[in-house]
Amino acid sequence: MSKVKYYYDSETLSYRKIEKKKGRKLKIFALSLLGMFLSGFLLLLIYINLPSVQTPKELALQRELNNMELQFELLNKKMNQAQAVLGEVEDRDNNLYRVYFESNPIPDEQRKAGFGGINRYKDLEGFDNSKLIINTTRNLDILTKQIVVQSKSLDEIAKLAEEKEKLLAAIPAIQPVKNEDLTRMASGYGYRNDPFTKARKFHYGMDFTAPRGTPVYATGDGKVTRADNTATGYGNHVVIDHGYGYESLYGHLYKYNVRNGQKVQRGDIIGFVGSTGRSEAPHCHYEVFKDGERINPINFYYGSLTAEEFAQVLKKSQEENQSLD
């Protein structure tokens with residue numbers, strides 16, 4: 001039961017009962033509700049404007065995230081530097097190495113093929129740092145692809161270089177008789193007078209006149225396929241297969257210094273000057289074949305003659321004199 005409250009009336013000199021006014025409770029409730037609303041609004045403003053308070057675990061995770069972003073940025077910078085260096089290697093590969101070895105350059109479309117069309121990075125989408133992660137992953141994939149292509153290209157260049165080195169060593173590139181051992185360069189490639197019939201006929205080699213027993217040298221690396229005297233007119237002779245379609249023949253030898261099937265290198269002594277077979281005087285008859293066809297040996301002395309010496313040999317080889325065989 002609620003307490004009844006009284007107040008003292010000084011006019012009547014008596015206590016009177018305090019009567020409750022209608023709507024007072026409603027007014028008090030409304031004021032209380034307004035006060036709670038204002039208090040909540042003020043607390044919300046304070047919460048929004050004040051920095052949020054993070055737990056130690058959240059702070060640790062934030063530091064790890066910041067460190068990860070920094071590492072990704074550093075990785076991108078390193079990949080950009082690597083791509084710049086690789087770009088220089090690719091440029092030398094296309095414009096120097098492959099040009100020298102007569103191989104077609106590799107187009108950029110082939111070096112960076114396979115990165116258009118479908119979205120291969122869909123699984124990396126939807127995260128706060130998706131753009132950074134996708135960009136880094138794409139750059140790494142492109143760099144890896146370029147390295148693989150360039151590595152295969154360098155393997156190809158290495159094989160071409162090895163073949164080029166073998167080719168250069170195999171091509172007949174020196175005189176079969178040294179200049180200082182020559183009596184004279186008797187006859188060259190072309191029409192000459194036959195020493196026996198005196199008729200004008202084509203001479204398919206070059207004759208190097210030298211004393212009997214003068215060393216005769218292999219003009220390029222290869223394998224001896226003949227060292228006998230069974231071919232008509234050549235007497236004791238040696239044939240070397242140099243590979244790549246090249247062969248050389250050395251005729252009218254006094255004796256051999258090699259055997260059939262033996263491998264020789266440029267500059268090895270394969271025999272000695274003589275006058276065996278259809279020969280008028282001691283000399284070495286020398287022929288060069290390319291793909292089975294006789295060609296002018298004068299074009300293959302760049303490995304042993306100076307420019308002046310070559311000019312003299314060329315002049316003498318063009319004289320229409322009498323051959324020695």
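**Questions on a predicted model**

Colleague: Is His-252 buried or exposed, and what is its relative accessible area?

Modeller: In this predicted model, buried means under 20% relative accessible area. His-252 is found in the loop between β10 and β11 (253-256). His-252 falls below that cut-off and is therefore buried, with a relative accessible area of 1%.

Colleague: How many helices and strands does the protein chain have?

Modeller: The protein chain has 325 residues, of which 31% count as buried. Among contacts with a separation of 6 or more, 65% are between residues 24 or more positions apart. The secondary structure comes to 5 helices and 15 strands.

Colleague: Which residues does Val-177 contact, leaving aside neighbours within four places in sequence?

Modeller: Val-177 is among the residues with the most contacts inside the largest core. Beyond those neighbours within four places, Val-177 is in contact with Leu-182, Phe-208, Ala-210, Thr-214, Pro-215, Val-216, Val-273 and Cys-284.

Colleague: How many residues are in the second, separate core?

Modeller: Ala-231, Tyr-234, Leu-249 and Phe-289 are included in this second core.

Colleague: Which backbone oxygen lies 2.8 Å from a polar atom of the side chain of His-242?

Modeller: His-242 is found in strand β9 and is buried, with a relative accessible area of 5%. Among the residues that His-242 touches, beyond those up to four places away in sequence, are Thr-219, Gly-220, Asp-221, Gly-222 and Tyr-250. The backbone oxygen of Gly-220 lies 3.3 Å from a polar atom of the His-242 side chain. The backbone oxygen at 2.8 Å belongs to Asp-221.

Colleague: Which side chain is joined to that of Asp-207 by a polar contact of 2.9 Å?

Modeller: Asp-207 lies in strand β6. At 0% relative accessibility, Asp-207 counts as buried. The polar contact of 2.9 Å joins its side chain to that of His-285.

Colleague: How far apart are the end C-alpha atoms of α4?

Modeller: Helix α4 covers residues 130-170. At 1.5 Å a residue, its 41 residues should span 60 Å. The end C-alpha atoms agree with this expectation, being apart by 60 Å.

Colleague: What covers the buried residues of α4?

Modeller: The buried residues of α4 include Ile-142, Leu-143, Gln-146, Val-149, Gln-150 and Ser-153. An α-helix has 3.6 residues a turn, so residues three or four places apart point the same way. The cover of the buried residues includes α2 (56-100), α3 (108-111) and β9.

Colleague: How far apart in space are Lys-145 and Gln-110, C-alpha to C-alpha?

Modeller: Lys-145 is found in helix α4 and is partly exposed, with a relative accessible area of 29%. Lys-145 and Gln-110 are 35 residues apart in sequence, while in space their C-alpha distance is 9.7 Å.

Colleague: How far apart in space are Glu-73 and Leu-132, C-alpha to C-alpha?

Modeller: Glu-73 has its place in helix α2 and counts as partly exposed, at 44% relative accessibility. In sequence, Glu-73 and Leu-132 are 59 residues apart; C-alpha to C-alpha, their distance in space is 8.3 Å.

Colleague: How far apart are the end C-alpha atoms of residues 58-92?

Modeller: The unreviewed UniProt entry annotates residues 58-92 as "coiled-coil region". In the model, the chain over these residues is 100% helix and 0% strand. The end C-alpha atoms of this stretch are apart by 51 Å.

Technical notes
Residues are numbered from 1 along each chain as its sequence is written. This is a predicted model: local features need pLDDT of at least 70, side-chain atom pairs count only at pLDDT 80 or more; totals for chains, interfaces and linings use all residues. Side-chain values use heavy atoms; hydrogens and water are left out. UniProt positions are given in the numbering used here, feature names are shortened, and annotations may be inferred rather than shown by experiment. Helices (H or I, at least four residues) and strands (E, at least two) are DSSP runs, numbered from the N terminus. Buried means under 20% relative accessible area, exposed over 50%, partly exposed in between (1.4 Å probe, protein chains only). A nonpolar core is a set of buried Ala, Val, Leu, Ile, Met, Phe, Trp, Tyr and Cys residues joined through side-chain atoms within 4.5 Å. Contact means heavy atoms within 4.5 Å. A polar contact is a pair of N or O atoms within 3.5 Å; within protein, one must be able to donate a hydrogen and the other to accept it, and residues adjacent in sequence count only if both atoms are side-chain atoms. The expected span of a helix is 1.5 Å times one less than its number of residues.
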